[in-house]
Amino acid sequence: MHTSDDNPATIRNSLDMELVTIPAGSFRMGGDKNLEQAEDHENPIHTVSFSKPLLMGKYAVTQAQWTAVMDNNPSGFEGDLRPVETISWHDAQEFIEALNNREDSTGYRLPTEAEWEYAARAGSESAYAFGSEAVRLDAFAWYKKNAQNQTHPVGQLTPNAWGLYDMHGNVHEWCQDWFDREYYRQSPSQAPGGPADGQAKSLRGGDWGSDRWYCRCASRSLSSPGRRSNRVGFRIIKEIK
C-alpha cells in the first residue's frame, strides 16, 4: 500500500482501491423521531465510541475491482466504474476472503452498522451528512429522483466531509451485522458489533430506487444474506493493526 497523491489520509491497495482514514471518536447513533420521522428501530439515539481509527473504501466496490478478484461480473447495470451489485452478503464475504488472500491480510471486512453510520455522518448530527435539507440531496446521491432507474459510476457527486462518496445513494450497502429491530436498546457503547445471530443482515444507505427519506444517515434496512438485488452492493473496511 502507498499513500494517495491527492490525500495524505488515503491509501491505495494492490487492486487500486482507495481507502480513507476514519478517525477514532464518538457519535450519536440513530434518528430523531421529531426532526426526521425516524422509525422505532432507529431508536433510542445512543452514543457510540471507537477507540481506534480504521480505513474505509472511498467508494463502493466497483465492477472492475470485483471482476479482477472474482473473474466474473454479476451486475445488472454493467460498467467498470459502476458499483458491483446483484451480490448476496455471502458473495461479499467470498470477495473479502479473496481480497485478504491477495493482499496477505486479515484486515478486510464489511463495516458494522455503527462503523457505517459513523463514517456516513462524518461528524454531522443531522438527517444527512450535509444537513437536514433534503432538497440538497441531488448533489450527494443517486436516488429515485435523479438516478433514472439505474446505478451510476462511483465518485461523480459530492463526497461527505470525510471524503466518502455515495453514502446516501447509488446502491444499498451490506453491513457485517445481523439485523435486530431492538438492538439499539442494549447496544454496547464501545464499537458495537451487532447481535450474535439472526435471520437477516443489515443494509445501509439509499439506492438508485430510494425515496429521499430512505437515504438518511440513520436509515436501516435488512435482507436475507442469500438474497441478490441490483439495488445492493457493498464497500469495505480495513482494520488498522
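**View 1. Trp178 is partly exposed, at 22% relative accessible area.** Partly exposed here runs between buried (under 20% relative accessible area) and exposed (over 50%), using a 1.4 Å probe and protein chains only. Keep in mind that this is a predicted model: local features need pLDDT of at least 70, side-chain atom pairs count only at pLDDT 80 or more, and totals for chains, interfaces and linings use all residues. Residues are numbered from 1 along each chain as its sequence is written, and side-chain values use heavy atoms, with hydrogens and water left out. You'll find Trp178 in strand S8; strands (E, at least two residues) and helices (H or I, at least four) are DSSP runs numbered from the N terminus. Leaving out residues up to four places away in sequence, Trp178 touches Pro195, Ala196, Asp197, Gly198, Gln199, Ala200, Lys201, Ser202 and Pro225 (a contact is heavy atoms within 4.5 Å). Asp32 sits 146 residues away from Trp178 in sequence and 23 Å away in space, C-alpha to C-alpha.

View 2. His172 counts as buried because its relative accessible area is 8%. Its side chain makes a polar contact with the side chain of Ser221, at 3.2 Å. (For a polar contact, look for a pair of N or O atoms within 3.5 Å; within protein, one must be able to donate a hydrogen and the other to accept it, and residues adjacent in sequence count only if both atoms are side-chain atoms.) Beyond four places in sequence, the contacts of His172 include Leu203, Arg204, Gly205 and Gly206. Arg231, Val232, Gly233 and Phe234 are also among them.

**View 3. Four strands make an open sheet in the order S10-S9-S8-S11.** The pairing is mixed, and two strands pair if DSSP finds at least two bridges between them. S10 (220-223) and S11 (232-233) are the edge strands, each pairing on one side only. S9 (residues 201-204) runs antiparallel to S10, over four bridges. To get your bearings, find Arg204 and its bridge partner in S10, Arg220.

**View 4. Helix H2 covers residues 89-103.** From first C-alpha to last, its 15 residues reach 21 Å, close to the 21 Å expected at 1.5 Å a residue (the expected span is 1.5 Å times one less than the number of residues). Trp89, Asp91, Ala92, Phe95, Ile96, Leu99, Asn100 and Glu103 are buried. What covers the buried residues of H2 includes helix H1 (63-70), strand S7 (108-109), S8 and S9. At the start of H2, a side-chain oxygen of Ser88 comes within 3.3 Å of the backbone nitrogen of His90. Just past the other end, Asp104 takes a positive phi of about 50°.

View 5. Most residues other than glycine have a negative phi, and most peptide bonds are trans. Asp16 has a phi near 65° and lies in the loop between strands S2 (7-12) and S3 (18-22). With a relative accessible area of 46%, Asp16 is partly exposed. Asn170, with phi near 80°, is in the loop between helix H3 (113-121) and S8. Asn170 is buried, at 2% relative accessible area. Now check Asn43 and Pro44: a cis peptide bond joins them, with omega about 0°. Pro44 belongs to the loop between strands S4 (25-29) and S5 (46-50).

**View 6. Strand S3 is largely enclosed by the rest of the structure, since four of its five residues are buried.** S3 pairs with strand S6 (residues 54-57) in the antiparallel sense, over four bridges. Val20 stands opposite Met56 in S6.

**View 7. Stepping back to the protein chain, we get three helices and 12 strands.** The radius of gyration is 16 Å, close to the 18 Å that the globule rule gives for 241 residues, so the chain is as compact as a globular protein of that length. (The radius is taken over C-alpha atoms; the rule is 2.2 Å times the number of residues to the power 0.38.) Along its principal axes, the C-alpha trace spans about 45 × 40 × 40 Å. Buried residues make up 56% of the 241. Of the contacts with a separation of 6 or more, 69% are between residues 24 or more positions apart.
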